[in-house]
Amino acid sequence: MADRILVTTDDLEHAVRINGALEAARFHTTLTHTLDEARRALRREPPPDCIVVTGGLHEPGAAQLLALARESSISTLGLVEQTEPDAKGLARRLGLTGWLGKPADPSEVTATVRRLLDRRKLQQRTGIIGESPAIQEVLVKIEQMAPVSATVLIEGESGTGKELVARAIHDLSPRRAKPFIAVNCAALPETLLESELFGHEKGAFTGAAERRLGRFELADGGTILLDEAGEMPPATQVKLLRVFEDQSFFRVGGTQPIKVDVRVVAATNKSLKEEVAIGRFRDDLFYRLDVLHIYLPPLRERRADIPLLVRRFIAQFAKEHARPDRPFKGITPEALQILVDADWPGNIRQLRNLIESMVVLAPEGEIRASDIPRDIRERGRGLPVRVMGATRDVAGQELEFIFRSLVELKLQVEELRRRLEERPQPVEVIEVGPGSALSAPTPVDAEPASEAEVLYRPGMTMAEVERAAIEAALRETRANRRKAAEILGIGERTLYRKLKEYSLA
């Protein structure tokens, strides 16, 4: 069945030419002249697969039409005027799936529509839901990276859908007919992880009653996902390097190298750069993994996608848990807004589980604000914090904490220095030492040091420099903490924590 394209006639000349090109490409097209016509077309069954808005993007009607399309997960392509100063920003504000500048070549419009439709089908096949620019960028990267065999590193918080992205890369690749094998590196102790990845020979260790093939052998010709790669122990990291270098490895207890052809996709909820900086992850392995990179944003960075996810999950679970005596009505606008405003530390996984719970338990067959747990209504306050595994000894935990604190402090000071240098009236750092002119007695009529100056003396620690910078910013803003935080380039919460830490509150 031909894909259905809706073309608005805001720019009639462009609309007629584009409509002809789309028909020639065997799309089923409909021209709409008013907003009401377009709305009716969206509500018809089946709805259009893509909408081409030929003009009037600054009109309220266009914004309404695009909002309706977003709610229905319909792709949109906007044609932007040559005089538009910020075409990309306009497309982002309107939530367009794609945009082209005018004058637009009808063949280019047709190719773009086809690409948007292919991307929509990719979303439907993989379950990657979202219309936000961040998710559209992820989909573009998947399309670009899938055809090659280079290693991919996927970084993102827990619950953002890293495995979905890895599977999408495999499903679009030439290796799609071969196995996709996932290994959770954090779920197995070091002694078992090596055997799980590389296999073992009979008698290699106590309990090895027979030869066992490892995940790399099972994935030969296909793709292996190393989930939670940041948790991989050092000894395994060394052996994994050999696989990258010559595509071979030894089974545990084996003497013959095993050759494999495997594409490696690694996923992590940590910053591997930070892990390298504190010495917990090998830099040479990091460079091997980080050939191609995808960052999956947390849900709080793409709130525009939350209504789509909520409606999709409600439809799914209302069908799964259907009860004849209680048809499910949906969600109230007030409850939906609370979910959009929540912080979602568990991201999509947390949202999905919550929706399923509320669909089952909502007393009126509709999710209302009162049905949402209090910790969600309060934007995630009081939620549990992830604690490092208890298997590490106390000394190791303390050392890791010190390393992390030093790295964080170094980054904060560098960012603070950069922000201060960029200010119109930069803070002046004056070194005071035995050989400095400032160490001499100051004449009575000399001008006092400016309140914006931070005095640095040899021997001062980084904490003392940071405290002095905070004091200077507070003096300059007359104790306005919000403005002081902006000057320092840190969040207000971070500033409050520092004030308490340095007893400046």
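## A first look at the chain

How many helices and strands does the secondary structure of the chain come to? The answer is 20 helices and 18 strands. Keep in mind as you read that this is a predicted model.

The chain has 505 residues, and 44% of them count as buried. Now take the contacts between residues at least 6 apart in sequence: 70% of these join residues at least 24 apart.

## Helix α5 and its two partners

A friendly reminder before we look at helices: two packed helices are described by the angle between their axes and the distance between the axes. Let us start with helix α1 (residues 12–24) and helix α5 (residues 106–126), whose axes come within 9 Å and cross at roughly 55°. That angle makes α1 oblique to α5, and their crossing is right-handed. On the α1 side, the contact is made by R17, I18, A21 and L22, while α5 brings P106, V109, T110 and V113. Sorted by class, this contact of α1 with α5 has 6 nonpolar, 1 polar and 1 charged residues.

Helix α5 also packs against helix α7 (residues 162–172), at an angle of about 120° and with the axes 10 Å apart. The two helices α5 and α7 are therefore oblique to each other. Here, too, you can look for the handedness: α5 passes α7 in a right-handed crossing. The residues that make this contact are L122, R125 and T126 from α5, together with L164, A168, D171 and L172 from α7. By class, the contact of α5 with α7 has 4 nonpolar, 1 polar and 2 charged residues.

## Helices α13 and α14

The crossing of α13 and α14 is right-handed.

Which residues of α13 and α14 make the contact? From α13 they are I306, P307, V310 and R311, and from α14 they are L336, L339 and V340. In the contact of α13 with α14 there are 6 nonpolar residues, 1 charged residue and no polar ones.

Is L226 buried or exposed? With a relative accessible area of 0%, L226 is buried. You will find L226 in strand β10 (residues 223–227). Leaving out residues up to four places away in sequence, L226 touches V183, C185, L197, M232, L240, V264, V265, A266 and A267. L226 and T268 are 42 residues apart along the chain, yet their C-alpha atoms are separated by 8.5 Å.

E217 sits in helix α9 (residues 215–218). Its relative accessible area is 15%, and buried means under 20%, so E217 is buried.

## A word on cysteines

A disulfide is a covalent bond between the sulfur atoms of two cysteines. How many disulfides does the count come to in this model? The count comes to 0 disulfides.

C50 counts as buried because its relative accessibility is 0%. C185 counts as buried too, at 2% relative accessibility, and C185 is one of the residues that L226 touches.

Conventions
Residues are numbered from 1 along each chain as its sequence is written. This is a predicted model: local features need pLDDT of at least 70, side-chain atom pairs count only at pLDDT 80 or more; totals for chains, interfaces and linings use all residues. Side-chain values use heavy atoms; hydrogens and water are left out. A crossing is left-handed if the near helix is turned anticlockwise from the far one by less than a right angle, and right-handed if clockwise. Helices (H or I, at least four residues) and strands (E, at least two) are DSSP runs, numbered from the N terminus. Contact means heavy atoms within 4.5 Å. Ala, Val, Leu, Ile, Met, Phe, Trp, Tyr, Cys and Pro count as nonpolar, Asp, Glu, Lys and Arg as charged, and the others, Gly among them, as polar. A disulfide is a pair of cysteine sulfur atoms within 2.5 Å. Buried means under 20% relative accessible area, exposed over 50%, partly exposed in between (1.4 Å probe, protein chains only). Axes are lines fitted to C-alpha atoms, for helices over the stretch in contact, and angles run from 0 to 180 degrees between N-to-C directions. Angles under 35 degrees count as roughly parallel, over 145 as roughly antiparallel, 65 to 115 as roughly perpendicular and the rest as oblique.
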